[in-house]
Amino acid sequence: MEAVIYEERTEQIHRKGDKPFALSCDKESLAGAVSQRACVFCGSRVVLYPIADALHLVHGPIGCAVYTWDIRGALSSGPELHRLSFSTDIQERDVIFGGEQKLYQALIELIDRHQPKAAFVYSTCIVGIIGDDLEAVCKKVSAEKGIPVLPVQSEGFKGNKRAGYAAACEAMNKLVGMGDTKGISKHSINILGDFNLAGEIWLVREYFEKIGVQVVANITGDGRVGDIQRAHGAALNLVQCSGATMDLANMMKKRFGTPNLRVSYFGVEDMAEALYAVADFFKDEEIMARTRQLVADEVKGLQAELNEYRRELTGKKAAIYVGGAFKAFSLIKAFRLLGMDVVMVGSQTGTNEDYEELAEICDPGTIIVDDSNPLELSSFLKEKDVDIFVGGVKERPIAYKLGVAFCDHNHERKEILAGFAGMRNFAREVHASVMSPVWRFVPRKSPGNSASAVSSA
Amino acid sequence: MTTMTYKKKYVSTTNACKLCRPLGAMIAFRGIEGAVPFLHGSQGCATYMRRYIISHFNEPIDIASSSLGEKNAIYGGGANIKQGLSNVINKFQPSLVGIATTCLTETIGDDVHMLLHQFCAEAKGQTLPEMVHVSTPSYDGTHIEGFHGAVRAAVDSLATAGHPSETVNLLPGFISPADIRYLQEIMADFALPTVILPDISDTLDGPALRKYEMIPGGGTTINEIKSMGTAQATIEFGRTVNEKLSSGLLLNDRFDIPCTRLGLPMGLRETDLFFAELETISGKTTPEKYSRERGRYVDSFVDGHKYVFGKRAIVYGEEDFVVGLTALLVEFGIKPVLCASGGKSGKLTAAIAAVSDDILKEQPLVREGMDFFEIAEEAESLAPDLLIGHSKGYPLAKKLNIPLLRVGFPVHDRLGGQRILHLGYRGAQMLFDQIVNSVIEQKQDSSSVGYSYM
């Protein structure tokens with residue numbers, strides 16, 4: 001089993017209880033190790049992507065655009081411009097002679113065609129190398145077309161996803177402050193770090209509206225350029241998925257003094273906590289009373305239903321591997337609510353603080369891992385005899401090949417997993433996968449007969 | 001006959017109908033036994049391609065990366081490619097590493113041949129796997145050029161001369177695992193020892209396992225690839241494959257092995273050509289199993305012809321797939337009105353004409369270098385009845401409210417893309433039934449009568 005661990009990576013894996021906590025993270029991925037990480041461009045693209053009335057133009061060869069075409073829900077209640085994949089499709093001659101002219105023409109063409117409220121122009125590896133002046137082209141087009149045209153400095157090789165989050169926040173920061181803040185209530189918030197993959201932000205907004213808090217801007221799920229431009233009018237920034245949008249919250253704090261709170265909408269406990277934190281912040285009796293009422297209403301009935309699932313799921317083992325570590329905290333709590341044990345938890349881009357906190361709340365023996373890869377993950381799943389693995393598309397075949405249940409908590413999910421209703425969906429999905437009869441037929445669980453004795457080809 | 005030479009209308013690309021070059025190379029390398037596909041570039045490329053490939057095959061695909069960072073982009077990726085290779089070799093113990101470049105490493109000017117040479121020299125005394133390198137700048141060509149380029153690179157560096165054998169080289173192009181299994185069956189039934197390169201039939205459609213395999217079992221073995229230089233004949237599919245990327249022509253040049261280049265055996269007549277070739281090579285007549293498959297297929301034409309005659313289809317995707325589908329469709333009376341691809345072989349118009357112009361009164365619009373925005377624009381005036389191609393045409397099908405028959409790659413919104421059979425009489429039969437039924441279903445669903453018979 002140890003043979004699967006790269007020597008250079010031993011410091012990035014910790015087993016709670018083995019020795020005092022120490023985990024190395026925030027490093028460049030090890031060459032040759034099949035990291036599950038993506039690139040800077042990916043980070044920027046996922047954060048900005050849900051802004052539905054903006055044009056998102058990828059300046060680069062076709063791959064960068066086509067692999068990110070409509071890859072996640074990012075549902076919109078109105079325009080759907082974000083679901084189209086725009087590219088300058090850089091060719092060899094552009095690499096030799098420069099791509100600025102092509103970028104300029106493409107921008108003009110697309111802005112004329114789609115009349116967006118703003119345009120984001122993503123830089124890719126190749127653009128960083130050939131040295132196109134994105135800033136200058138964007139400025140020129142912005143002046144000609146009268147809309148914000150924002151360069152996103154997301155050259156893929158410049159780091160990992162988190163550098164891309166920062167570049168996305170830089171770009172959005174240029175929008176904030178441009179709009180009129182008239183008519184914004186003193187009890188108002190921006191929702192940062194929810195991407196409305198399956199409609200979560202609609203649910204969360206509804207909760208806030210019910211307790212009497214106005215939501216100014218969704219950043220960025222079901223996002224609109226105009227809302228982001230007036231986001232500085234909100235009294236508070238609520239930041240989920242802190243890795244992705246905390247930078248923007250910090251910038252807004254500096255520029256406008258907007259305070260922020262870190263929250264999570266996932267799981268009963270965290271959702272309720274988020275609502276109470278907001279009510280507390282506004283120190284308004286009515287808001288607090290409505291919050292209590294809302295939580296009471298929502299939880300009523302839910303516990304009974306969860307108990308049903310809990311009966312069958314108690315003692316089952318879960319493994320978690322996510323992009324940013326923050327989501328892992330909520331997942332651990334949610335699994336505990338279902339009576340399940342988390343035996344492995346890891347992330348692509350967690351920070352030191354994230355991992356320290358994780359180590360604190362995990363049970364002894366839990367494996368904590370940074371920037372893992374299929375070899376390690378598959379060996380952990382086997383070692384811990386895991387019943388369900390939670391991750392994204394790239395983790396799915398690892399679980400399935402081994403005959404382990406799986407829950408997509410990332411781009412491809414289609415059910416809301418946030419809020420009180422989301423907890424019900426989560427429990428249902430975990431239950432549906434873990435309790436499926438198919439596992440009794442997979443080699444892992446069945447001694448089998450001669451027909452099942454496939455080693456492989 | 002009207003042939004359209006198409007000049008791109010727009011500077012920008014919207015919803016591309018192609019993928020980037022390195023992706024094709026990764027899939028081709030995955031079809032070699034014991035191989036680890038390796039991308040020399042930044043980490044994101046490998047991850048994105050893995051994700052894209054996984055969503056179609058529902059199988060693990062590990063693609064190693066040299067994970068270049070900012071410093072490497074400035075000073076060169078030499079150290080990273082070497083570290084990456086040595087990690088891959090130590091951990092995976094591959095028999096081959098298939099290395100493809102990316103736009104980044106092509107542009108910063110890394111000399112991969114030299115770096116590999118250095119790596120081997122520095123590893124003196126160590127047993128190293130085969131290393132096959134293909135240049136795949138993402139800004140030139142599509143995944144199909146990457147695919148053929150990788151196959152050719154493998155043949156180029158491994159195939160050797162030797163005692164002439166009875167083996168047949170079969171270069172199928174990018175087809176499904178189900179297609180490859182069917183080809184294997186056909187070759188076995190003709191009693192022809194065959195090397196199929198690449199062979200993704202197990203590596204990208206494997207059984208459930210007790211243990212995660214570092215490298216999935218299956219694939220063309222290295223010895224088989226070596227033996228390709230001694231074969232009695234080569235059959236290469238793909239009417240639009242560039243000569244410079246043709247492994248069949250390479251084998252012909254270097255080892256004097258006769259090469260027959262055919263279209264993908266899709267539909268009746270393209271499949272007939274393939275079987276005729278097998279009869280010639282083997283000196284045997286087609287086994288009855290296949291002539292009966294063919295007979296049933298023709299019989300079904302008669303049963304279904306009325307439902308599809310004159311139906312207007314837009315066919316899109318990889319060029320050779322578009323040619324094969326067009327060949328298949330015209331034989332039972334469907335009228336392709338647009339044959340579109342993101343590829344730019346320069347051969348599509350001629351290839352479409354070759355497989356259809358004796359049946360069609362009028363050639364369809366044939367366009368290379370197209371994206372889905374342009375396809376949608378053309379569709380407005382073409383009034384198609386159905387779309388045939390991969391999943392990415394779904395938004396258009398939905399907008400037009402017409403059926404989409406999912407074939408080829410990628411199929412991201414349905415299960416079992418890897419098990420779609422496209423080739424031969426058997427594959428044609430399955431496609432035919434689906435096409436006819438989708439037309440019937442469309443009519444049934446839009447009728448208020450609720451017919452319960454055809």
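**Domains, sheets and the chain contact in a predicted model**

Chain A is divided into domain 1 (40–167), domain 2 (188–299) and domain 3 (303–441), with bounds that come from an automatic or database domain assignment. This is a predicted model, in which local features need pLDDT of at least 70 and side-chain atom pairs count only at pLDDT 80 or more, while totals for chains, interfaces and linings use all residues.

In chain A, the C-alpha centres of domain 1 and domain 3 lie 34 Å apart. Six residues of domain 1 of chain A are in contact with five residues of domain 3 of chain A, where contact is counted if the C-beta atoms of two residues, placed from the backbone, lie within 7 Å. The side of domain 1 of chain A that touches domain 3 of chain A consists of one nonpolar, two polar and three charged residues. In these classes, Ala, Val, Leu, Ile, Met, Phe, Trp, Tyr, Cys and Pro count as nonpolar, Asp, Glu, Lys and Arg as charged, and the others, Gly among them, as polar.

For chain B, the assignment gives domain 1 (21–158), domain 2 (168–282) and domain 3 (304–445). Here, too, the C-alpha centres of domain 1 of chain B and domain 3 of chain B are 34 Å apart. Six residues of domain 1 of chain B are in contact with 10 residues of domain 3 of chain B. On the domain 1 side, helix α2 (residues 43–57) of chain B gives the most, with four residues. By class, that side of domain 1 of chain B, touching domain 3 of chain B, has three nonpolar, three polar and no charged residues.

Five strands form an open sheet in the order β5(A)-β4(A)-β2(A)-β3(A)-β1(B), with mixed pairing. Strands (E, at least two residues) and helices (H or I, at least four) are DSSP runs, numbered from the N terminus, and two strands pair if DSSP finds at least two bridges between them. The edges are β5 of chain A and β1 (13–14) of chain B, each of which pairs on one side only. Strand β3 (residues 86–87) of chain A runs antiparallel to β1(B), joined by two bridges, and A:F86 has B:T14 as its bridge partner. Helix α1 (residues 40–48) of chain A packs on this sheet, touching β2 (54–59), β4 and β5 of chain A, and its direction makes about 165 degrees with that of β4(A). Such angles run from 0 to 180 degrees between N-to-C directions, with axes taken as lines fitted to C-alpha atoms, for helices over the stretch in contact. Helix α4 (residues 100–114) of chain A lies across β2, β3, β4 and β5 of chain A, at about 155 degrees to β2(A).

A second open sheet in chain A has four strands in the order β7-β6-β8-β9, with parallel pairing. Strands β7 (214–220) and β9 (260–262) of chain A stand at the edges with a single partner strand each, so one side of each is left without a neighbour in the sheet. The twist averages 20 degrees from one strand to the next. Three bridges join strand β8 (residues 236–239) of chain A to β9(A), and A:L238 stands opposite A:L261.

Finally, the contact between the chains takes 62 residues from chain A and 60 residues from chain B. Helix α17(A) gives the largest share of the chain A side, six residues. The chain A side that touches chain B divides into 37 nonpolar, 14 polar and 11 charged residues.

Notes: Residues numbered from 1 in each chain as written. Chains lettered and ligands numbered in written order.
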